[in-house]
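Below is a short briefing on a helix and a strand pair. The structure comes first, then the notes.

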Amino acid sequence: MFEHTVAGLFRSEWGSRLSAPALQALSEVGVDLSRPLLPAYSSETWARALRIAAADLFPGQPPQTSWRRLGQEVIHGLVHTLVGNAMVNVATLLGPLRFLRRLNPTLRNADNYVESRVEELGPTSCEVWFNEVMEQPAYHQGLLEALVGLAGGRDARARFLSSEGPGARFLVEWEAPEAG
């Protein structure tokens, strides 16, 4: 996972809400927020950091809810980085379906291990496959919903369809953006 994605979550308002024990746990897994972020983190380190953040930021929430919300917040935080700001501009220009067609290159800006495929089902729906979901499909539901929302899709919904090894398939649907 590249630095700007980690910064999107942990250098945003969410990072300031982490408890002292969570900050210590993050440091122990290799994400020391008291120091400059590294250029990249392994997928294992990112997964551990997300587990810590989900438990700390959304205590008492069902796991599905906290992971989905965390996925949304990673995208919402990412938009405040230079790379994320550029992503928002592209997403706005392209709209939801065309932006999702570019999902794999978009993911390459976040990390170097997640791959995706998009199968269009209609003007406001598609199936999305990820090769790796860190055993947390709800996190990827949140990512997809937030990405479609950035691109102008209203009421974005991502439904988990199936596991495929370490990956998963989702149905993504949304309402067309308002004509403007």
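Arg-154 has Glu-175 in E4 as its bridge partner. The model is predicted, so local features need pLDDT of at least 70 and side-chain atom pairs count only at pLDDT 80 or more, while totals for chains, interfaces and linings use all residues. Residues are numbered from 1 along each chain as its sequence is written, and side-chain values use heavy atoms, with hydrogens and water left out.

- Strands E3 (residues 154–164) and E4 (residues 167–175) run antiparallel and are joined by 8 bridges; two strands pair if DSSP finds at least two bridges between them.
- The hairpin of E3 and E4 has 2 residues between the strands, and Gly-165 takes a positive phi near 65° there.

**Helix H4**

- Ala-55 lies in helix H4, which covers residues 43–57; helices (H or I, at least four residues) and strands (E, at least two) are DSSP runs numbered from the N terminus.
- Thr-45 is also part of H4.

**Ala-55**

- Ala-55 counts as exposed because its relative accessibility is 53%; exposed means over 50% relative accessible area, buried under 20%, and partly exposed in between (1.4 Å probe, protein chains only).
- The C-alpha atoms of Ala-55 and Leu-70 are 10.0 Å apart in space, with the two residues 15 apart in sequence.

**Thr-45**

- Thr-45 counts as buried because its relative accessibility is 13%.
- Leaving aside residues up to four places away in sequence, Thr-45 touches Val-29, Gly-30 and Val-31 (contact means heavy atoms within 4.5 Å).
- The side chains of Thr-45 and Ser-42 are joined by a polar contact of 3.0 Å. A polar contact is a pair of N or O atoms within 3.5 Å; within protein, one must be able to donate a hydrogen and the other to accept it, and residues adjacent in sequence count only if both atoms are side-chain atoms.
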